[in-house]
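Me: Could you walk me through this structure with me asking and you answering? I would like to go one feature at a time.

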Amino acid sequence: MAFQRSHRLNLLRLVVLLLIALAGIKFLFRDSFTLELHKHVSKDSGFWGDTGDIVQDVIPQSQVLELPEVKITALRQEPGQQVPRDVSATEMRLVHLDLKGAAPRVSYLEQVFPFLSQLGANGILIEYEDMFPFKGELEVLRSPYAYSEEDIERIQQLAEQHKLEVVPLVQTFGHVEFILKHEKYQHLREVERFPNSFNPHVPNTLALLRSILAQVIEKHRRSTWIHIGADEVFHLGEGMDSKNWMSRNKGDVGTMFLKHIKEVLGFLSAQYWGLRVLMWDDMLRKISVGALRESGIAKHVSPVVWFYAPDFEAEQIEPFLTKYAESGFEAVWFASAFKGTTGPAQTWTPLSYHLKNHLSWLKVMQALPRLAPLRFQGIVLTGWQRYDHYSVLCELLPVGIPSLAICLQTLVNGGFTEEAKRKVLDVLGLESVQLEQSTCEGRGAFPGVEIYHMVEQVNGHLRESILKALEEESAIKGWFSPYHRKHHFGNPRNMESFGSKAP
């Protein structure tokens, strides 16, 4: 018995020793794994630099504005949430959804997203403006018809289902009429009379932008990109605050523009590590290489070079690309247009015009290696709904869909080849496309085709016949003049005689 008890004790001691040894080995391997992981994270974070340095360089501590009403958190993975995809090595084709006017219902997007994916898009750039469900202090910014939080989530689920990267766009300098039209924010205007652009010198401007960005990013946790707009900052430098700043700092409009952009980028890079940033490039074109390099923004944002003309040569874009390469930018995006750039009241999309724009961009893409040492990351196919918050609608989205299909397939195939044409006709359910006449033959089977045909009827037939009747028929001019129509009166006896001519 004593021997058995001794044997059991020895076995127990051996088991305990083995457990201690295993724990020690696990601890050692864990430390080495953690060290290796830290090395990889440090190497991959080079795009953003050292976060602490960024904050110190971009926003002096005395100028950092606190927003107690907004909870701001870094990018994180929620339980069950998919890790954001790394799309840095992929040439992206983003379709721009401009929601500042006639924003589509989610049920329509359910039909459109698979169509976009089928035609070659791999992302969408969503410019919400007042269609975002802002809350709290920002609730005044939301339209009565704004999407709900559930709608925003559903849109992202649909995009993910159809392999479309979602990139939200938040205007941070110009084109902010939807914000500055409100009495609550009028004091943030660069020029008191105009609601176009922010005054970058009022501390509340940055505070408001941080709050807006925080709410939008919070609802787009899957997104790895954000677009900060920053195009067409009209009247910058005309306000008294700006004039005083330039006088005191011996600066110009360019350095003032960069100062504000640095503050926006500083906030994003400090609070949302790993989030990649885009901005329109037109304001950068006017700024010197020296000022751009000194600002350091090239480390934190990629310029989106936009050009919407139908025919242009790669050499016309070369000066901008050369400047950005010399200024320290490593990557560049381009922006074309499939609708919304041929007039603020345009109702029918000119197919040939937009096809030529994309053929020109293909030339630039092919020539990029010899033009400038920049990495091409993607192209945005813009589809503007309104020229600004106050203008009327351009072409409706369903009217622009044939153009979008043609432009996407042109990019995918390197030209509007026979293969591209067959794909467009097959996906659209059409028999033929007449580019110069901007017409399509066949019933069509694409989302919103009924609206397409209705607008075609009005634009191509009804409008012309009515205008001709109103201007050329003497009886109509005499008894149905603009004055009669304005005041809603006329003699039924006379009007019945020409009623069939003026439907």
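**Helices, salt bridges and buried residues**

Reply: Gladly, starting with a helix pair: Val106, Leu109, Glu110 and Phe113 in α3 meet Asp151, Arg154, Ile155, Leu158 and Ala159 in α4. Contact here means heavy atoms within 4.5 Å, while helices (H or I, at least four residues) and strands (E, at least two) are DSSP runs, numbered from the N terminus. This is a predicted model, in which local features need pLDDT of at least 70 and side-chain atom pairs count only at pLDDT 80 or more, whereas totals for chains, interfaces and linings use all residues. Residues are numbered from 1 along each chain as its sequence is written, and side-chain values use heavy atoms, with hydrogens and water left out.

Me: What average pLDDT does the protein have?

Reply: pLDDT is the predictor's confidence in each residue, from 0 to 100. A score of at least 70 is reached by 80% of the residues, and the protein's average is 84.

Me: Over which residues does pLDDT stay under 50?

Reply: Where pLDDT is low, the predicted coordinates should not be read in detail. The model has 78 contacts beyond four places in sequence for the stretch in question, which is residues 24–89.

Me: How are α3 and α4 oriented, roughly parallel or roughly antiparallel?

Reply: Axes are lines fitted to C-alpha atoms, for helices over the stretch in contact, and angles run from 0 to 180 degrees between N-to-C directions. The axes of α3 and α4 come within 10 Å and cross at roughly 10°. Angles under 35 degrees count as roughly parallel, over 145 as roughly antiparallel, 65 to 115 as roughly perpendicular and the rest as oblique, so α3 and α4 are roughly parallel.

Me: Which residue forms a salt bridge with Arg154?

Reply: A salt bridge is a side-chain nitrogen of Lys or Arg within 4 Å of a carboxyl oxygen of Asp or Glu. For Arg154, the closest N and O atoms of the pair are 3.5 Å apart, and the partner is Glu110. Because Arg154 lies in helix α4 (residues 149–161) and its partner in helix α3, the bridge ties together parts 44 residues apart in sequence.

Me: Where does Lys100 lie, and is Lys100 buried or exposed?

Reply: The side chains of Lys100 and Glu127 meet in a salt bridge (3.6 Å, N to O). This pair links distant parts of the chain, 27 residues apart: Glu127 is in strand β2 (residues 123–127) and Lys100 in the loop between β1 (92–98) and α3 (106–119). Buried means under 20% relative accessible area, exposed over 50% and partly exposed in between (1.4 Å probe, protein chains only). Both Glu127 and Lys100 are buried.

Me: How many salt bridges are there?

Reply: One of them joins the side chains of Glu137 and Lys184 (3.3 Å, N to O). By the rule above, the count comes to twelve.

Me: Which residue does the side chain of Thr349 join in a polar contact?

Reply: Thr349 is in the loop between β7 (331–339) and α11 (351–371), and counts as buried at 3% relative accessibility. A polar contact is a pair of N or O atoms within 3.5 Å; within protein, one must be able to donate a hydrogen and the other to accept it, and residues adjacent in sequence count only if both atoms are side-chain atoms. At 3.2 Å, the partner of Thr349 is Glu395.

Me: What separates the C-alpha atoms of Ile226 and Leu268?

Reply: Ile226 is in strand β4 (residues 225–227) and is buried, with a relative accessible area of 1%. Its contacts outside four places in sequence include Leu268 and Val277. Ile226 and Leu268 are 42 residues apart along the chain, and their C-alpha atoms are separated by 9.5 Å.
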